[in-house]
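Welcome! Take a look at the model first.

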Amino acid sequence: MEVLDAHCHTVELGPLTDERFAAWCTESPWPPAPGTSFPDSRLGLAIRRWCAPALGLSPFAPLAEYAESRRSLPDAGARLLAAAGLSALLVDTGLTGGAALDELAAAAHAPVHSVVRLEQLAVSVAETAGGSGFGRSFSDALAAQLDAGAVAVKSIAAYRHGLDLDPERPGPAEVVRAADAWLRSGERLADPVLLRHLLWTAVDCGRPIQFHTGFGDPDAALLRADPAHLQPFCAATRSARVPIVLLHCYPYHRQAAWLAQLYPHVYADVGLAVTYTGARFDAVLAEFLELAPFGKVLYSSDAYGLPELYLVGAQQFRHSIRHVLADLPPGEAERIAGLVAAGNARRVYALDA
Amino acid sequence: MEVLDAHCHTVELGPLTDERFAAWCTESPWPPAPGTSFPDSRLGLAIRRWCAPALGLSPFAPLAEYAESRRSLPDAGARLLAAAGLSALLVDTGLTGGAALDELAAAAHAPVHSVVRLEQLAVSVAETAGGSGFGRSFSDALAAQLDAGAVAVKSIAAYRHGLDLDPERPGPAEVVRAADAWLRSGERLADPVLLRHLLWTAVDCGRPIQFHTGFGDPDAALLRADPAHLQPFCAATRSARVPIVLLHCYPYHRQAAWLAQLYPHVYADVGLAVTYTGARFDAVLAEFLELAPFGKVLYSSDAYGLPELYLVGAQQFRHSIRHVLADLPPGEAERIAGLVAAGNARRVYALDA
Amino acid sequence: MEVLDAHCHTVELGPLTDERFAAWCTESPWPPAPGTSFPDSRLGLAIRRWCAPALGLSPFAPLAEYAESRRSLPDAGARLLAAAGLSALLVDTGLTGGAALDELAAAAHAPVHSVVRLEQLAVSVAETAGGSGFGRSFSDALAAQLDAGAVAVKSIAAYRHGLDLDPERPGPAEVVRAADAWLRSGERLADPVLLRHLLWTAVDCGRPIQFHTGFGDPDAALLRADPAHLQPFCAATRSARVPIVLLHCYPYHRQAAWLAQLYPHVYADVGLAVTYTGARFDAVLAEFLELAPFGKVLYSSDAYGLPELYLVGAQQFRHSIRHVLADLPPGEAERIAGLVAAGNARRVYALDA
């Protein structure tokens with residue numbers, strides 16, 4: 001089954017210490033509690049189930065044995081990534097480190113398309129533009145990135161403010177004032193006026209907007225990352241017809257699926273949930289597909305760093321979508337699986353254009 | 001198994017274009033996104049599974065074939081409705097269009113009881129009463145409707161304000177002021193003082209109050225439609241012993257089930273969720289029945305317009321309740337299914353009185 | 001399988017009227033609605049399934065037969081409790097009535113460890129200390145209880161204010177003012193400054209802090225008992241390394257599990273959900289174990305009064321954990337089950353120290 005990874009980050013292909021490996025298995029930035037371990041989790045089991053065979057081991061081989069095998073194979077990272085069998089990857093380029101995009105593409109044997117992280121682009125623009133020039137400079141920079149081939153943008157407003165944003169486009173004077181204050185402060189970009197300005201500039205550009213929603217690292221307040229907070233923004237942008245893709249969504253994925261039914265331009269993406277919940281993704285995917293029409297749900301892994309995450313995501317998804325649609329006539333199940341696995345992403349991100 | 005549809009709207013029995021058929025398959029008022037279709041969803045699959053056989057086709061017959069067959073049978077609508085095998089229907093008469101209640105009853109081969117939509121009755125009263133007379137006129141009009149046979153009332157406060165209402169009964173002077181302001185404004189009835197006044201007038205009348213909660217059309221802000229917002233109102237009305245029926249509830253049905261356990265006069269109704277989630281209603285119904293005692297959950301379809309929705313609801317429910325109770329001794333499963341399917345509704349709405 | 005009940009209350013070992021028995025089967029303090037019964041629920045079915053055999057009856061024996069048998073056996077209570085096969089019990093001593101702790105230990109054939117309820121200890125201290133001495137007296141009293149062997153503390157801030165508390169430690173002058181005002185008022189301890197003071201005093205003591213979260217009796221507003229409200233408190237206390245155990249959590253257990261992954265000192269406990277949801281605990285436990293590492297989830301029953309609740313909890317848990325881990329290699333499943341059943345609690349509460 002063709003699987004297109006519609007939201008991920010770049011990979012680290014080199015060898016990893018056990019400690020570094022474990023750190024990639026959580027959204028927590030801190031060491032584990034005494035007596036606990038991050039890979040001793042649904043994610044760790046999923047790695048053992050889906051990745052051990054790609055390194056020549058039995059499914060569920062113990063982690064120590066897996067790590068040993070991984071160390072002994074110089075090309076383990078590339079082998080795992082290639083085993084995912086992806087047809088394309090959409091990569092949020094807003095995180096630093098890891099392989100360059102052409103290295104990633106070569107290792108994955110698949111084309112890579114970039115996604116512009118709005119907040120990071122704003123920071124790079126701010127270094128040269130003052131408050132009064134910020135709006136125009138950001139708009140120009142975003143247009144340039146999209147002209148250069150980026151297929152979508154991504155917002156991490158959930159990490160900087162919460163999704164409970166005023167949905168309206170801020171006025172030019174407001175933006176100048178907010179940009180001035182931000183540039184003077186030297187702080188992280190978190191002002192809601194600026195976050196809204198980035199979003200509305202993206203709306204003007206007409207490309208799909210990916211939103212981090214639901215669980216993530218501790219920068220995000222979970223209660224304010226519920227995608228249902230975006231309902232007013234969905235309403236305000238409907239007539240612009242720019243696709244809004246709600247990423248992750250869990251544990252609010254039923255809410256996201258409802259928005260995806262209600263608003264023609266809204267989509268739900270299963271990334272991050274697919275890797276972290278492992279075997280339980282059977283249940284989570286089924287919940288995504290309760291209210292959302294089948295044309296509105298997209299596969300992604302949200303993999304970052306660990307090559308295992310690309311492979312776990314793709315294989316767990318292939319397994320779970322078959323499970324979720326098992327009660328359907330075979331041709332029908334195959335057709336719907338194809339939409340969620342790749343077809344919807346091709347259409348929404350205009351990848352065949 | 002006797003199934004009593006404890007909350008629905010009236011039906012459209014005539015032929016439908018494909019476009020109109022698809023529009024009945026969503027809560028969205030807008031055309032679908034390019035490349036997507038509303039019936040390509042759990043609801044559409046459920047229609048193919050449960051309704052195709054009622055038109056002489058195989059389960060899961062393709063939609064085009066189904067539509068063809070539907071067009072070729074002049075009595076398709078009545079046939080589908082009758083196939084639901086309902087023992088009675090409680091109809092919210094607040095939506096316009098469709099079959100008259102006696103036509104609906106004839107086609108369904110079952111008695112129909114009406115449910116008064118509070119906000120609509122208020123509008124009809126306001127046309128003749130001024131602000132100072134509004135309270136009394138509304139109270140008289142509601143009493144008249146109940147005397148004429150209506151078995152319950154329904155509130156759509158979730159669509160007009162949200163369920164985060166002050167639970168207290170508003171004072172008479174407040175109501176006059178709010179009614180005056182509303183009548184002068186010419187706007188939709190959305191003032192929370194008036195919405196509360198309608199509810200407390202209904203409490204005084206002693207009949208069950210149905211509340212829209214959970215997902216619905218875009219008029220409702222999902223976050224403010226969580227039935228947990230009604231907890232203070234449940235507390236404030238407990239001693240009045242008027243049944244409060246939380247409709248739909250999804251995706252907050254576990255919250256609704258908890259209220260139904262906690263407050264003696266609170267009930268949870270599975271309507272809308274049963275049709276929209278289709279085969280996944282197995283899981284959703286199981287969640288309703290985690291905390292709610294078996295005497296506190298009611299079947300309904302929330303069907304509107306499309307005859308298929310009455311049939312999908314009834315058949316999916318019959319299927320799912322058996323699945324959910326499969327681990328019980330057969331006599332026990334049958335008894336509990338009978339409560340949720342019809343017995344609880346008969347008792348709560350006093351249908352045998 | 002060793003099962004350690006890491007949060008419960010004391011038991012009533014004597015005979016019970018049918019009415020009293022039914023009252024123990026709900027969190028509602030009110031009589032059931034006409035035509036309904038609290039044991040006619042998932043909990044009642046679980047009692048019939050798991051407890052009837054302990055009294056020599058068939059699984060699912062009718063409740064009337066079960067009650068008859070219970071009345072005929074003078075030692076029914078102790079027999080049920082012993083049948084739970086618990087290896088230890090952690091008992092919140094904040095509720096009055098029932099067996100003394102040594103009686104409970106004797107009947108359970110297991111050691112009992114006490115847990116101090118912060119709000120109750122504060123009330124007992126306030127009787128002798130004035131506002132200005134409250135802070136010090138409370139601190140001394142808590143230290144004395146922990147020195148005397150209590151292994152943890154418990155907060156019911158969710159019942160008194162909600163979990164949406166300012167996470168910061170209140171200043172000494174604030175505490176004096178709040179204590180004065182509370183003592184003069186003669187009211188229940190609900191002031192958020194005082195509730196926060198109790199929590200930070202507990203943090204200073206270094207023992208695990210159990211929090212009531214999620215569903216409970218009507219004193220708690222469900223919306224404000226979502227454990228996600230505790231995220232700022234989790235962040236503020238992280239460096240103190242004092243374990244925070246989120247009790248119950250349902251229906252927000254996926255949120256709790258996320259906090260348990262993210263913050264090294266946060267844990268999720270399945271109590272109350274395990275008894276109330278009965279056979280459905282298979283699904284609920286699986287949801288707990290989606291995001292939480294296996295070292296972060298703890299078994300408890302939250303049983304109170306009814307001996308059946310200790311037994312239902314333990315047996316349903318043994319059944320459900322096997323079900324949830326059925327897809328794993330047997331040794332792995334056994335190891336993980338052992339952590340959740342007892343190992344994690346031994347480590348977090350330092351029971352082997």
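**Exercise 1.** Which residue in E3(C) is the bridge partner of Leu89(C)?

*Solution.* Start with the ground rules. The model is predicted, so local features need pLDDT of at least 70 and side-chain atom pairs count only at pLDDT 80 or more, while totals for chains, interfaces and linings use all residues. Residues are numbered from 1 along each chain as its sequence is written, chains are lettered from A and ligands numbered from 1 in the order written, and side-chain values use heavy atoms, without hydrogens and water.

Next, find the strands (DSSP runs of E, at least two residues, numbered from the N terminus). Strand E2 (residues 86-92) and strand E3 (residues 112-117) of chain C run parallel and share four bridges; two strands pair if DSSP finds at least two bridges between them. The partner of Leu89(C) is Val112(C).

**Exercise 2.** What is the strand order of the open sheet in chain C?

*Solution.* Its eight strands follow the order E1-E2-E3-E4-E5-E6-E7-E8, with parallel pairing. At the edges, strand E1 (3-8) and strand E8 (297-298) of chain C each pair on one side only.

**Exercise 3.** How many salt bridges does the rule find across the interface of chain A and chain C?

*Solution.* First apply the rule: a side-chain nitrogen of Lys or Arg lies within 4 Å of a carboxyl oxygen of Asp or Glu. That gives five salt bridges between chain A and chain C. In one of them, Arg280(A) joins Glu290(C), with the closest N and O atoms 2.8 Å apart.
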